[in-house]
Amino acid sequence: MTFNSLTFFVFATVVFAAYWAVRSRRTQNMLLLVVSYVFYGWWDWRFCGLIAASSAVDFGVGLWLSRTQDEQPGPRRQRHRRTALALSIATNLGLLGVFKYYNFFADNLVLGAASLGVSLSPSTLQLVLPVGISFYTFQTLGTTIDVYRGRLGACRSLVDYFAYVSFFPQLVAGPIERGARLLPQFQRDRRFDAGLAADGLCQALWGFVQKAALADNLATLVNDYYIPTSPGPVLAVCTVAFAFQIYWDFAGYSNIAIGTARLFGFSLSRNFALPYFSRSVAEFWRRWHISLSTWFRDYVYVPLGGNKRGRARQAINILLTFVISGLWHGAAWHFVAWGAINGLAAMPTIVSGRSRAQPVDTPGGEGSSPGLRGALQMLATFSIVCVGWVFFRATSVEAALQILTRIVTECGDIAAWSSLAAHEQYLRAIMPLAVLGVMAEWLQRRHPHVLVLDAWPRWSRWALYTMLFWGAMYVLPETPPEFIYFQF
Amino acid sequence: MRGFLLRALTFVALQMLIGVAVWFGCPRQSDHYAAASIDKRQRLASAPSPRIVFVGGSSTSFGFDSRVFGDTKYTSVNMGHNRGLGLPFMVRQAAAGLRQGDLVIVSPEYELLWGEGSDRTLITHIEHDPACARYLNFETTQRLMDGGLIWLALKLRCALHNSATDPVLLFTRSSFDASGDFAAHRGKPRRPHTAALGGWPEADALNAQPAIAELNWMADRCDEVGARCVFAFAPLREERHQIAADSARRLEALIRAGSRLAVVLSIEDSLHPGSEFFDIGAHLVESAATSRTQQLRRVLLPESRR
């Protein structure tokens, strides 16, 4: 049941009615828990066992940690607490390890041993990667670490905790929420807020437009022609198309998630803040998949030492964090390369301390235009990010290098650009849509989403919403691809 | 809350009004090929016992000639309609009307032995024959609901451009004869075409387990009602077989080993030269269908010589 499906429309409507029909918070949480498991089991009911296991372990570990908090400080207490934390880490990373990384490490072990002349034949696993496993394991793990660090009290209600982990709007692809932010929302009474709900619907509609009208149509070109044998100019266009496809796909998903959560009185964190208007790669990473970037900052970069042990060590920490982030996206070397490229590109700004000095509230600055310098900085940032996307989208490092080589060597040849003629009709149709999408985001960049139009009279807002919905339906591809981040 | 609900419902009502306009703005064909589903279901319900029931896609409606059984005690019901309906739908539709003493030949297209049907075909059929939705299994229902917006999108494009949602309208509801055999092509010249020769998976990659499970589900239903159910491989072009011989061998081995339906026509029995196909599909010309059915009759009813 994906967000852009008829099933989800019906599901969310029914759950909304049932949710506000009951008054007590406990019943609401129980309802959210049940429907979230139905939502998740819609893919495969067996997946529910995994999320229940992850939730149960972290709920138990949280309780244990809070109990030991009251014990006398000493090595025994510390040992108990570390053991409990290790259990949570082993469970969550173990689940990820088995379902996501086992074959990757087994294959590379074989290759590594073969290079030493040793023949190994470990068995590979034919496992389906459960949807959302990378997201909810990180959410529960983060929560347990916060309890361990004493920054968050353990949740004592099983229903509240399980509902928090499985909350359906953000279950399968985030935003990866922090316990300190989302858990208290499950623990307090929620009152219906018409303004919040209406704004949530608008945000979800914009997310739907991003996914259905923009991302899915860009995908038709990317999926068919982003292969190393395509001509360089086609690959260059595909790279830019993919950059916008993945952005609108994932930002669209996040907007629907955040908007849907608002209908139920929950506030989720912003996950995308117009990243392509960034003026440095470091800024880009403060605007792209914010919930994951901050997770890695708080639970990987800072524990590694952050910027506290000198610039050289900070540089290594940045690179390591980005490489691990790459590996989180997929068990393959091209994802590792993608992480490393971004780490290297972000490093100078972060190490020099300039990243903190740059304003980030309004992307592109406060003026109506970014100015020549700002525009060039944005273009340069976008270009670097696109080099990273080549590795992200390719099937291997070799394929990515072939694509980059073709782009560099063939794009200088004017005649080679005639290869785009075969796609002229498609480009004529998609480019105005994409330009409109970017312009709308630029004009509304001071707001959390594009459809914040409080000053407009109601009739004109409704006309716009109607036009957007039916416009998106009109251009919806016949076989829309799944959300890209579902594969992670 | 009340104000919000009022505004939200008004907005939804407005969208539904547009939706209704879109729905009726799309031209509807009364003689649509998918509507033959109603006729086939009615024939299965009303044909006197014992019946010989053919189950499959369009290759079944083209590939069997019911007249061959005209002098036997069996009344023929050809349920063959559209490959896109998928094997789960086909067997459920047939199983719903089975009776004791029926002789059932299940002959799905090869693609359905390792793959699924087409959501678009299913939705088109449900639109023209809503009652047939009861033959969907849970997984297919899930898939169709998940893809429901696409149908709305197709309807919208159809309404705006005044075009049909199904651009391939080569066949119509009235193309079938009283037994359900496809008859509109009889006596007509073959449609020139280039046969598509690809499309078979590698032998090692063949997974027929879901299809075998469906065939065994059908075998159970047949046992329950006291019908005799068998399996016949669909017609296959010789040139395609040459390319995919390994896969074909493996597929037949998998079906024979896994399915509880006896195989009465092997792949070897079902090979035909390209000249015996009417068009690009696995659609036999009339004479080839007749000889194939005679061959089937010799296997199934060896005592009743014609």
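This is a predicted model: local features need pLDDT of at least 70, side-chain atom pairs count only at pLDDT 80 or more; totals for chains, interfaces and linings use all residues.

**Aromatic pairs and their surroundings**

Reader: Are A:Trp295 and A:Tyr299 buried or exposed?

Author: The criterion is relative accessible area (buried is under 20%, exposed is over 50%, partly exposed is in between; 1.4 Å probe, protein chains only). By that criterion, both A:Trp295 and A:Tyr299 are buried.

Reader: How many aromatic pairs are counted over all chains?

Author: Rings of Phe, Tyr and Trp (its six-membered ring) pair if their centres lie within 6.5 Å; planes under 30 degrees apart count as stacked, over 60 as edge-to-face and the rest as tilted. Over all chains, the count by this rule is 78 aromatic pairs.

Reader: Which class does the pair of A:Trp295 and A:Tyr299 fall into?

Author: The ring centres of A:Trp295 and A:Tyr299 are 4.8 Å apart. Their planes lie at 50°, so the pair is tilted.

Reader: In which helix do A:Trp295 and A:Tyr299 lie?

Author: Helices (H or I, at least four residues) and strands (E, at least two) are DSSP runs, numbered from the N terminus. A:Trp295 and A:Tyr299 are four residues apart, about one turn of the helix. Both belong to residues 290-301 of chain A, namely helix H12.

Reader: Which class does the pair of A:Trp338 and A:Phe392 fall into?

Author: The ring centres of A:Trp338 and A:Phe392 are 4.8 Å apart. Their planes meet at 70°, so the pair is edge-to-face.

Reader: How many residues apart are A:Trp338 and A:Phe392?

Author: A:Trp338 belongs to helix H14 (residues 333-352) of chain A and A:Phe392 to helix H16 (residues 371-393) of chain A. A:Trp338 is buried at a relative accessible area of 1%, and A:Phe392 is buried at 5%. The pair links distant parts of the chain, at a separation of 54 residues.

Reader: Over which ring does the charged end of B:Arg237 sit?

Author: A charge sits over a ring if NZ of Lys or CZ of Arg is within 6 Å of the ring centre and within 35 degrees of the ring normal. In chain A, the charged end of A:Lys211 sits over the ring of A:Phe483, 4.5 Å from its centre. In chain B, the charged end of B:Arg237 is 4.3 Å from the centre of the ring over which it sits, that of B:Phe277.

**Helices and loops of chain A**

Reader: What is the distance between the end C-alpha atoms of helix H5 of chain A?

Author: H5(A) has 16 of its 16 residues buried. The expected span of a helix is 1.5 Å times one less than its number of residues. For the 16 residues of H5 (residues 133-148) this gives 22 Å, which agrees with the distance between the end C-alpha atoms, 22 Å.

Reader: Which helices are included in the cover of the buried residues of H6(A)?

Author: Seven of the nine residues of helix H6 (residues 158-166) of chain A are buried, so H6 is largely enclosed by the rest of the structure. Among the buried residues are A:Tyr161, A:Phe162 and A:Tyr164. Their cover includes H2 (25-41), H3 (47-69), H5, H7 (168-171) and H8 (179-187) of chain A.

Reader: What is phi of A:His289?

Author: A:His289 lies in the loop between H11 and H12 of chain A, and counts as buried at 1% relative accessibility. Its phi is positive in a residue other than glycine, near 40°.

**Chain B**

Reader: What is the radius of gyration of chain B?

Author: Chain B has twelve helices and seven strands. The radius of gyration is taken over C-alpha atoms, and the globule rule is 2.2 Å times the number of residues to the power 0.38. For 306 residues a compact globule would be near 19 Å, which agrees with the value for chain B, 21 Å.

Reader: Which two residues of chain B does a cis peptide bond join?

Author: B:Pro50 is in the loop between helix H2 (36-46) and strand E1 (51-55) of chain B. With omega about -10°, the cis peptide bond joins B:Ser49 and B:Pro50.

Technical notes: Residues are numbered from 1 along each chain as its sequence is written. Chains are lettered from A and ligands numbered from 1 in the order in which they are written. Side-chain values use heavy atoms; hydrogens and water are left out. Contact means heavy atoms within 4.5 Å.
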